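Colleague: I have a model open and would like to learn how to read it. Can you take me through it feature by feature?

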Amino acid sequence: MSNVNFLLALKIGITGYLALIGILLLFYILLTGFVKFSTRSDSNGSEKGKGKASE
Amino acid sequence: MQELLNGIFALSIGNVVMIGVGAFLIYIAISKEYEPALLIPIGFSTILVNIPFSSAIDQWMGGVLHRGVLSIFFDIGIITEIFPLLIFIAVGAMIDFGPLLEHPIMFLFGAAAQFGIFATMVVATLLGFDIKQAASIGIIGSADGPTSIYVAGRFAKDLLGPISVAAYSYMSLVPIIQPPVIKALTTREERRIKMAPKSLKVNKTARIIFPILVTIIASLIAPSAAALIGFLMFGNLLRECGVLNSISKTAQTELANIITILLGLSIGSTMTADKFLQPRTLYILLLGVVAFVFDTAGGVLFAKFLNLFLRNKINPMLGAAGISAFPMSARVIHQLGRKEDPTNYLLMYAVGANVAGQIGSVLAGGILIALVGNL
């Protein structure tokens, strides 16, 4: 019984850990793109603002 | 007269030992400041429930059940999972995800440093625990009290006392547990790796969208984590939206304080002598340390693995900050970095990894519930 539990735990442990890394890797990729996009649109906005001010 | 002495005559050695355990928890909470907000209510409740015939917990008298207030707290707060979820609103309102948004790569350490959860679960089965108990013990490695209570409350209610005590105690012991593991796995040169400060400033819109986006994506991938991640991120949205400042403040203070008291008292109600004074309690306390050691090792080794592919190397100590013990772990890593090189400033990166660990631990809890729940 203990042996069965061990093998099951091992399977769940490996699956769970890899799934977690996969999900957070996805977050990393999405977040990097999202932050880059939001800061770029931010700086575009501020440059437009500057243009208007100088006009 | 006999009725007034019943309690004294019924006092067993187990009761006396547990009253001592309760007093010890109160002592370390006050003198060492180990998570006093939780350990004082748990300690006091432990004393209260180990008084024979205590009216604070359910008692059968003459074939009639007399309900005790602590048992009622336990039923309405822990069994229904309401208390840990409400605590998550408070935690979310307290967390600033800015450092993580500025350093997104830290997200990876929030996953890597959950290694202890899964490794400890495997070790626990070798000590004779069944798979659900093992998952509940492994979750101590989330270094996250509410997640530990949430998972253990679902899978192993009878182990809730020792698991909660281990989770909260070891979170306080992070400054003692982590440094030797980090030093054993890194060279001095690695610990001296400097991390360049970033000038990237995350705007308000990104901060508002982040909790909503994380909730949607995480819940779609792991629906069993929806309540956990949702309440955490809801609290963060209260903080970041900018139009609910008084509610955000209430969540961070009054809500957190009230639920913490109720949570502590409820958990203490499970610490009766017959449940706590067993060899398995010692195993659980031991496995708690194992979980924190594995977490730290997992984070550090993952950072070293990443460094094999990166041109700009990451200080591997940051991997250890991926556990969810916030902000304790970030502070420990920052101080270790300054010790090796006083000009090295790791704090913002470490905080980024630390708050990523908060998300990682909650997701790990959801993944465990999904994988183990149907067995």
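Colleague: What percentage of the residues in chain B are buried?

Modeller: This is a predicted model. Burial is judged by counting neighbours: a residue with 20 or more other C-beta atoms within 10 Å is buried. In chain B, 55% of the 375 residues are buried.

Colleague: What does the radius of gyration of chain B say?

Modeller: Compare the value with that of a compact globule. For 375 residues that would be near 21 Å, and chain B has 21 Å, so the two agree. The C-alpha trace of chain B spans about 80 × 45 × 40 Å along its principal axes.

Colleague: How many helices and strands are in chain B?

Modeller: Chain B has 21 helices and 2 strands. Next, ask how far along the sequence the contacts reach. Take the contacts in chain B between residues at least 6 apart: 73% of them join residues at least 24 apart.

Colleague: Is B:Gly98 buried, exposed or partly exposed, and why?

Modeller: Count neighbours again. B:Gly98 has 18 other C-beta atoms within 10 Å, so it is partly exposed. The cut-off for buried is 20 or more.

Colleague: At what angle do the axes of helices H10 and H11 of chain B cross?

Modeller: At roughly 165 degrees, with the axes of H10 (residues 145-155) and H11 (residues 160-172) coming within 9 Å. That angle makes H10(B) roughly antiparallel to H11(B), because angles over 145 degrees count that way. The crossing of H10(B) past H11(B) is right-handed.

Colleague: Which residues make the contact?

Modeller: From H10(B), B:Gly145, B:Ser148, B:Ile149, B:Ala152 and B:Gly153; from H11(B), B:Leu160, B:Ile163, B:Ser164, B:Ala167 and B:Tyr168. By class, this contact has 6 nonpolar, 4 polar and no charged residues.

Colleague: How many residues does each chain give to the contact between chains A and B?

Modeller: Interface size is often given as the accessible area lost when the parts come together. Here we count residues instead: 35 from chain B and 26 from chain A. On the chain B side, the elements giving two or more residues are helices H7 (106-112), H8 (115-126), H9 (131-138), H14 (204-221) and H21 (347-372). The residues on that side divide into 27 nonpolar, 7 polar and 1 charged.

How values were computed. Residues numbered from 1 in each chain as written. Chains lettered and ligands numbered in written order. Predicted model: local features only at pLDDT ≥ 70, side-chain atom pairs only at ≥ 80, totals over all residues. Helix = DSSP H or I, 4+ residues; strand = E, 2+ residues; numbered from the N terminus. Rg over C-alpha atoms; globule rule 2.2 N^0.38 Å. Buried ≥ 20, exposed ≤ 12 C-beta atoms within 10 Å, placed from the backbone. Contact = placed C-beta atoms within 7 Å. Axes fitted to C-alpha atoms, helices over the stretch in contact; angles between N-to-C directions. Parallel < 35°, antiparallel > 145°, perpendicular 65-115°, else oblique. Left-handed = near helix turned anticlockwise from the far one by under 90°. Nonpolar A, V, L, I, M, F, W, Y, C, P; charged D, E, K, R; others polar.
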